[in-house]
Amino acid sequence: MLRSLWHYRHFIISSIRGDLKGRFVRSRLGGLWFILHPLAQALIFSIVLSEVLEARLPEANSPAAYPIYLLSGMAAWTLFSEILTRSMTVFIEQAPVMKKIAFPRLCLPVIVGGTALINHLLLLVALFVIFIFLGHVPGRALILLPIGIILIAAIGFGLGVILGVMNVFIRDVAQVMTILLQLWYWLTPIVYPANVVPERYSFMINFNPIAPLVALYQDALLFNRWPSLESLIMPAILGLLSMVFAMMFFRRASPELVDVL
């Protein structure tokens, strides 16, 4: 499967380029919409909640600490949710192409993941410009962001392929996951710091594999703090297992995908 992806690498690259261009063919702002949506959401939360939650941020001396904390967490979550949600529906959306053209079907979620990674890098560049405008320059811990990007992409891609295949056979999967993702978002310390969660509910964050990765972004971009390696063990294991299981699951189900579609 990996060899076939390599043979079709030019198809994947050209499809990513076409996807990025095609989504905003008639848009005046083009790819800026990838950045403006999360920035607008973060601005709303910052205006509403900054006075309430800014004092709860440990080791935060900057007056813009809460917006930076929020934007950092939302950047990590946006990467995860985009890969996961688009992978869940990519086989159904591209059913006409799958029926007409012979190519490795696994190329489709890879194209989705590649597009999401490019969007994420553009968003990070925009965030750095905003941080500098706010008078905040991230420190050396910034070099840890690639670890977070890799683990988030692995978890999102693995779960997305599994759920995407299931969604072909059971169309309710995407609807259920849309609701669960909203709940998952609020169970992740993005809008609020983890220290405001009552102790009796802290287990929900401790068992949330995305929470340490969001915290990695927040620690690196706001606090210039190195994360605990122990906190990354669970996301790393989940990322590896989800990728392996996704490949096995996809291999077994791929002969029937086109027939069901």
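Which residues lie nearest the centre of the largest pocket? The legends below take up this predicted model view by view.

**View 1. The centre of the largest pocket.** Ala194, Ala211, Pro212, Ala215 and Asp219 lie nearest the centre. They belong to a lining of 23 residues. The pocket has a volume of about 420 Å³.

**View 2. Helices around the largest pocket.** Three helices each supply at least two lining residues: α9 (202–206), α10 (211–223) and α11 (233–260). α10 gives the most, with 8 residues. By class, the lining has 15 nonpolar, 6 polar and 2 charged residues.

**View 3. The largest nonpolar core.** This core holds 74 residues. Trp77, Phe80, Phe91, Leu127, Ile210 and Tyr217 touch the most other members. Two or more residues come from each of α2 (9–22), α4 (65–93), α6 (107–133), α7 (145–169), α8 (172–186), α10 and α11. α4 gives the most to the core, with 17 residues. In soluble globular proteins, nonpolar side chains tend to be buried together.

**View 4. Contacts of Trp77.** Residues up to four places away in sequence are not counted here.

**View 5. The whole chain for orientation.** The protein chain has 11 helices and 0 strands. Of its 261 residues, 48% count as buried. Among contacts between residues at least 6 apart in sequence, 80% join residues at least 24 apart. The chain exposes about 14000 Å², and carbon and sulfur atoms supply 67% of it.

Conventions: Residues numbered from 1 in each chain as written. Predicted model: local features only at pLDDT ≥ 70, side-chain atom pairs only at ≥ 80, totals over all residues. Heavy atoms only, no water. 1 Å grid on protein atoms, 1.4 Å probe; cavity = no way out; pocket = protein on both sides within 12 Å on 5 of 7 lines; lining within 4 Å. Points joined across faces, edges and corners; volume = space filled by probe spheres on them. Helix = DSSP H or I, 4+ residues; strand = E, 2+ residues; numbered from the N terminus. Nonpolar A, V, L, I, M, F, W, Y, C, P; charged D, E, K, R; others polar. Core = buried A, V, L, I, M, F, W, Y, C linked by side-chain atoms within 4.5 Å. Buried < 20%, exposed > 50% of the residue type's maximum accessible area, 1.4 Å probe, protein only. Contact = heavy atoms within 4.5 Å. Areas by Shrake-Rupley, 256 points an atom, 1.4 Å probe, with all protein chains shown as cover.
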